[in-house]
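Work through the exercises below with the sequence and the structure at hand. Try each task before reading its solution.

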Amino acid sequence: CNPLHREVHQDMEQPLCHYYIASSHNTYLSGDQLLSQSRADMYARVLQAGCRCVEVDCWDGPDGEPVVHHGYTLTSKILFRDVAETINKYAFIKNEFPVILSIENHCSIQQQKKIAQYLKEIFGDKLDLSSVSTGDPRQLPSPQDLKGKILVKV
């Protein structure tokens with residue numbers, strides 16, 4: 001591998017929507033989407049491989065704790081909190097460009113509030129809470145502007 005190719009060499013000052021973003025589907029699954037295990041460490045793996053958008057399928061869990069799993073299947077369940085803590089730990093080890101959490105929300109209002117609480121507590125200042133107008137894509141911030149930030153799309 002040419003060592004020069006390990007560095008970002010593109011203009012990273014354009015609006016976020018001008019870039020292809022390495023994304024993961026069913027990030028939490030260690031195998032197939034019907035029977036496999038859900039594991040928080042799968043987030044560490046894909047983030048270290050360069051993925052910048054990860055999927056988090058959220059469902060109501062027991063005792064008011066939201067869980068992540070592939071709904072209506074026999075996949076195992078993991079706590080949302082564990083997933084958020086893993087993402088926080090590994091998000092910016094390989095690079096500082098933003099990480100997008102693609103949240104598929106199937107939770108009650110009560111557990112959605114719990115998710116919001118965990119996002120704020122765990123990510124702190126990394127969580128980008130700015131309100132972005134999606135009417136004009138030229139107004140979106142650039143990857144350079146969002147370095148070290150966690151973005152949430154639901």
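**Exercise 1. A charged residue without a partner**

Task: Find out whether Glu55 is buried or exposed, and which side chain of opposite charge is nearest.

Solution. 
Step 1. Glu55 is buried, where buried means under 20% relative accessible area, exposed over 50%, and partly exposed in between (1.4 Å probe, protein chains only).
Step 2. Glu55 has no salt bridge; a salt bridge is a side-chain nitrogen of Lys or Arg within 4 Å of a carboxyl oxygen of Asp or Glu.
Step 3. The nearest side chain of opposite charge is that of Lys153, 7.8 Å away. For charge, Lys and Arg count as positive and Asp and Glu as negative, while His and the chain ends are not counted.
Step 4. Glu55 belongs to strand S1, residues 53-59. Helices (H or I, at least four residues) and strands (E, at least two) are DSSP runs, numbered from the N terminus.
Step 5. A polar atom of the Glu55 side chain lies 2.5 Å from the backbone nitrogen of Asn26.
Step 6. Apart from residues up to four places away in sequence, Glu55 touches Ser24, His25, Asn26, Thr27, Tyr28, Tyr43, Ser102 and Glu104. Contact here means heavy atoms within 4.5 Å.

A note on the source: this is a predicted model, in which local features need pLDDT of at least 70 and side-chain atom pairs count only at pLDDT 80 or more, whereas totals for chains, interfaces and linings use all residues. Residues are numbered from 1 along each chain as its sequence is written, and side-chain values use heavy atoms, with hydrogens and water left out.

**Exercise 2. The whole protein**

Task: State how many helices and strands the protein has, and what pattern they follow along the sequence.

Solution. 
Step 1. There are three helices and five strands.
Step 2. Along the sequence they follow the pattern α-β-β-β-α-β-α-β.
Step 3. The radius of gyration is 16 Å, close to the 15 Å that the globule rule gives for 154 residues, so the protein is as compact as a globular protein of that length. The radius is taken over C-alpha atoms, and the rule is 2.2 Å times the number of residues to the power 0.38.
Step 4. Taken along the principal axes, the C-alpha atoms fill a box of roughly 45 × 40 × 25 Å.
Step 5. Of the 154 residues, 42% count as buried.
Step 6. Among contacts with a separation of 6 or more, 70% join residues 24 or more positions apart.

**Exercise 3. What covers helix H1**

Task: List the buried residues of helix H1 (residues 41-48) and name elements that cover them.

Solution. 
Step 1. The buried residues of H1 are Met42, Tyr43, Ala44, Val46 and Leu47.
Step 2. Their cover includes S1, strand S2 (67-68), helix H2 (80-90) and strand S4 (99-106).
Step 3. After H1 comes Gly50, with a positive phi near 105°.

**Exercise 4. Salt bridges**

Task: How many salt bridges does a search of the whole structure find? Describe the pairs named below.

Solution. 
Step 1. Side chains of opposite charge can pair when their charged atoms come close.
Step 2. The search finds four salt bridges.
Step 3. Arg39 and Asp41 meet at 2.8 Å, N to O. Arg39 is partly exposed at 34% relative accessibility, and Asp41 is partly exposed at 40%.
Step 4. Lys114 pairs with Glu65, their closest N and O atoms being 3.4 Å apart. This pair links distant parts of the chain, with Lys114 in helix H3 and Glu65 in the loop between S1 and S2, 49 residues apart. Lys114 is partly exposed at 23%, whereas Glu65 is buried at 18%.
Step 5. Glu121 and Arg81 meet at 3.7 Å, N to O. Glu121 lies in helix H3 and Arg81 in helix H2, so the pair ties together parts that are 40 residues apart in sequence.
Step 6. Arg81, Glu85 and Glu121 are linked in a network of salt bridges.

Technical notes. Polar contact = N/O pair within 3.5 Å; in protein donor to acceptor, adjacent residues only side chain to side chain.
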